[in-house]
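Thanks, everyone. Let me put the model up, and then we'll walk through a few parts of it.

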Amino acid sequence: MKIWIDADACPRVIKEIVFRASKRVQVPVCLVANTDLSRSHTALISSVRVAGDDDAADDYIVEHAAATDLVITADIPLAARIVAQNGIAIDPRGEIYSEDNIGERLSTRDLLHQLRETGLVQGGPGRMGTTDRQKFASAFDRLLTQRIISKG
């Protein structure tokens, strides 16, 4: 099992939660981004810098993640691709993407994108707060525990 982080937009506080959990349960983490993240390296934490368009990190994660891995991403199209491969994806705010909800999330994303283009809606999600961090930590811990138990 491995934890993949779509690291370009993942908040530092979420990475820190994942790094602590990785150390506690000895599960490797791979950060994938368009920028250099090598300062985060430890025995369990590695990074891959991808070149190319905005989807290069997404493509790399989809290509390398196994169904037993966890993927952390706020990118709903990436989450949809992971779910389509029977994988598990979780948003940095703690929402677990599944076959049951990914279609709705994609539709909402597309609608909001269109509304932003027309100027009817501005901005994106609000700043991460304490509740968001707690929700992520709780959902992530549940997923991690389930994966470790099912593996053993």
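Strand β2 pairs with strand β3, residues 45–49, through 5 bridges, and the two run parallel. Pairing here takes at least two DSSP bridges between the strands. Strands are DSSP E runs of at least two residues, helices are H or I runs of at least four, and both are numbered from the N terminus.

A word on the source. This is a predicted model, where local features need pLDDT of at least 70, side-chain atom pairs count only at pLDDT 80 or more, and totals for chains, interfaces and linings use all residues. Residues are numbered from 1 along each chain as its sequence is written, and side-chain values use heavy atoms, with hydrogens and water left out.

Now β1. β1 and β2 also run parallel, joined by 4 bridges. Asp6 has its bridge partner in β2 at Val32. Together, β1, α1 and β2 form a right-handed β-α-β unit. Right-handed means that, with the strands pointing away from the viewer, the path from the first strand over the helix to the second runs clockwise.

So how enclosed is β2? Largely, because 5 of its 5 residues are buried. Buried is under 20% relative accessible area, exposed is over 50%, and partly exposed lies in between, using a 1.4 Å probe and protein chains only. In a regular strand, side chains alternate between the two faces of the sheet. In β2, both faces are covered: Val29, Leu31 and Ala33 lie on one side, Cys30 and Val32 on the other.

Next, the cores. A nonpolar core is a set of buried Ala, Val, Leu, Ile, Met, Phe, Trp, Tyr and Cys residues joined through side-chain atoms within 4.5 Å. The largest has 24 residues, and Ile3, Ile5, Val18, Ile72, Phe136 and Phe140 touch the most other members. Elements that each supply at least two of its residues include β1, α1, β2 and α5. A second, separate core has 20 residues, among them Val32, Leu78, Val83 and Ile102.

Back to Ile72. Leaving out residues up to four places away in sequence, its contacts (heavy atoms within 4.5 Å) include Ile3, Val18, Ile90 and Phe140.

Last stop: Asn101, in the loop between β6 and α4. Is Asn101 buried or exposed? Buried, at 13% relative accessible area. Its side chain reaches the backbone oxygen of Ile96 at 3.0 Å. The Asn101 side chain also reaches the backbone nitrogen of Ser98, at 2.8 Å.

Key:
A polar contact is a pair of N or O atoms within 3.5 Å; within protein, one must be able to donate a hydrogen and the other to accept it, and residues adjacent in sequence count only if both atoms are side-chain atoms.
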